[in-house]
Amino acid sequence: MAATTPTHAQVLVLAGGLSHERDVSLRSGRRVAEALRSTGLEVAERDVDAALLTSLRADRPDCVVPMLHGETGEDGAIREVLDLLDVPYVGAPPAACRVAFDKPVAKAVVARAGVLTSESVCLPHETFRELGAAAVMAALVERLGLPLMVKPTRSGSALGCTVVHTAEELPAAMVNAFAYGDVALLERFVTGLEVAVPVVDDGSGPRALPAVAIQPDGGVYDYTARYTAGATEFVTPAPLSEEVGAEVARVALLAHEVLGLRDVSRSDLIVDGDGRVWFLEVNVAPGFTETSTVPLAISAAGLDLGAVCAAMVQAAVTRGGRS
Amino acid sequence: MESQPARASTRLDSYVDRYAARTAGMTASEIRALFSVASRPEVVSLAGGMPNISGLPLDVVGGAISELVATQGPVAMQYGSGQGVPELREQICDVMRLEGIDAHPDDVVVTVGSQQAVDLVTRIFCDPGDVVICEAPSYVGALGVFKAYQCDVVHAEMDADGLVPEALQQAITATKAAGKTIKFLYTIPNFHNPAGVTLSPARRHEVLEICRREDILVLEDNPYGLLGFSREPMRALRADEAEGVIYLGSFSKTFAPGFRVGWALAPHAVREKLVLAQESATLCPPQFSQMAVSAYLAQHDWQGQIKQFREMYRERRDAMVEALDDLMPASCRWNVPDGGFYVWLTLPPGIDAKAMLPRAVTARVAYVPGTAFFADGFGSSSMRLSFCYPTPERIREGVRRLAGVLEAEMELRQTFGANASAPTLEVRSGYDAPSSDLT
């Protein structure tokens, strides 16, 4: 992946914001900015605030890299605004983000393309209030069985996510999910090896990077396991047979394609004991922190993080604004 | 795909198997990540304990520092004594005299904020497994130190008059009966962080009497003692017990925290060890900061400045209490502190402050969940609200947002019932508070 971006290109990395993942975003942004600088690009970093539009108009960058996680960053909103201003940016267009960031919607789209997704139900808080939480939860357990994964429909970094092993644990898990959003996704828990498969596109078409197997010490890849160096073992490429390895790559590429994603994405998958590949979710602005899986996969592929990021910037610049 | 690369396994930390046991708990946490959002101006942060020093006479401070550099620069920028600058130690004795302490400068050890004094005292007294008795709740920064030295913390209950003597006695008796060694009682007698309460004069005598009888050393941490709103400073425990009390003081709240100057006043033998511990930790406390603080004390009406601080903080306390009275549900309880920075608020039964924090941050208001102030997992139904930094208007707005968050949370809890109150986030006592640079 050659870094052909003109060295005079001015890149603005957006990081921070007001989402619950602000801290992660700042770390991702800093790392991507440093990687881009290492290729000779002129890079500025900026938080997202009320002065952003004025700043973009006054000092228009050649390309924006939105390293914003969570709402605004991944739901397409910030990219809509960049489109309004005709500023090129790295990453998927707003409409694709809207679909991909909403976990049940993304699951449905990917399932329609023939990918395995675990059976799930998506319900807002109001449903539990109006129909009686006990009755609804009993029906959920009856239908989906245990264990269950409960998560907010629009969130990242495993915030608000709980694995529920008994029916008694479900109310607390629901409250935990609703602390991060008004709608919760409950899905049948799939036991197996968790793998992250990044997809990057340097302008010559999307390709899957080596899958990263995730083995957290505590068994659950929660916030602490994600962002505490040493708390999780990552194996790259994941210890999969050639056939299954090819399948996780195919699923990640298929998800990237059918969701209309662009430049970069990361699919989170489970490989069960029978070697079947289950799609969990996809990230349109995956983490690039020191403990994130995308930089690991880039490195495992023999690529340079700066060169990959610069190639995505180049693709965005070539594409131009409102694309 | 590229040609298949060699498989590699990594934990992204090559030292993961080499850390000391005391680093357990030093992990990334959702709670601390949420405090990152609280630093944004859109969020009304009632979480941090950053002193509001906007009223400091910067021209006076600047002039004093300029003169310091011009006249004593080579000394100020040189290494100094491990015990601290002698002139400053004399001035510290003048400060402590306001609380009835008659001390000699030789018994004062200057530290990097009183936080380092807590660390040094714990370092010289505590082996792993030793017990420190703390109020319930207690200062999160001290709990972090005790955890780092692998101490066991035993909490003793407080009420509106501070530490309950009977609870202290009970904690001592039970701990001794369990065959454990109690190294000291850690107490914040004035305008407690986080509880906001003050130990009554009668109880001061009782607490000292219990500790004398049981041969328990007292670590009296007093950063807020001069910041009372309605009366003269209370008499320090150390004023009535020289041998059994180590007193900790700080200029962080009465002047400015950036200088990082605090101190310990200790009995002679302890002081000698503290100096050696200080030298092994830092060689010496920062000479420049000490001399700058000394110049400020010498050249400025520092007592008048503290009076201004008191009035400013009282106005903010009033704003918070008035807003709580007006806006919070009757099922909440809180105290009205007579000084310091904090209100301790207890939520209606079944509401978990820690679990509610993400919702609060979404609503652009932040607080510190009560669990941060307990070593034993308690405190989930409480929170610390700081009134020291935001303006009165922002405080009211923050409470208004908090009331809305609480209303939604109560509705949620009502929907899912009592079973939903199980803690869902890991308790990390001593760590889950905003870092010191957050408001």
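Two strands are taken to pair if DSSP finds at least two bridges between them. Helices (H or I, at least four residues) and strands (E, at least two) are DSSP runs, numbered from the N terminus. The structure is a predicted model, in which local features need pLDDT of at least 70 and side-chain atom pairs count only at pLDDT 80 or more, whereas totals for chains, interfaces and linings use all residues. Residues are numbered from 1 along each chain as its sequence is written, and chains are lettered from A and ligands numbered from 1 in the order in which they are written.

Between the chains, strand β12(A) and strand β1 (residues 8–10) of chain B run antiparallel and are joined by three bridges. Within this pairing, B:S9 of β1(B) is the bridge partner of A:V235. The contact as a whole draws 43 residues from chain A and 37 residues from chain B, two residues being in contact if their C-beta atoms, placed from the backbone, lie within 7 Å. On the side of chain A that touches chain B, at least two residues each come from α1 (22–37), α6 (125–131), α8 (170–178), β10 (206–208), α9 (223–227) and β12 (232–236) of chain A. The most is given by α8(A), with six residues.

Chain B contains twelve helices and 15 strands. Its radius of gyration, taken over C-alpha atoms, is 23 Å, close to the 22 Å of the globule rule (2.2 Å times the number of residues to the power 0.38) for 439 residues; chain B is therefore as compact as a globular protein of that length. The C-alpha trace of chain B spans about 65 × 65 × 55 Å along its principal axes. Of the 439 residues in chain B, 51% are buried, a residue being buried if 20 or more other C-beta atoms lie within 10 Å of its own, with C-beta atoms placed from the backbone.

One open sheet of chain B has four strands in the order β11-β12-β15-β14, with antiparallel pairing. Its edge strands, β11 (333–334) and β14 (368–369) of chain B, each pair on one side only. Two bridges connect β11(B) to strand β12 (residues 342–346) of chain B, and B:R333 has B:T346 as its bridge partner in β12(B).

Helix α11 (residues 353–362) of chain B has ten of its ten residues buried, so it is largely enclosed by the rest of the structure. The cover over these buried residues includes α8 of chain A, together with α1 (30–38), β13 (365–366), β14, β15 (382–386) and α12 (392–416) of chain B. After α11(B) comes B:R364, whose phi is positive, near 70°.

Definitions and conventions. Buried ≥ 20, exposed ≤ 12 C-beta atoms within 10 Å, placed from the backbone.
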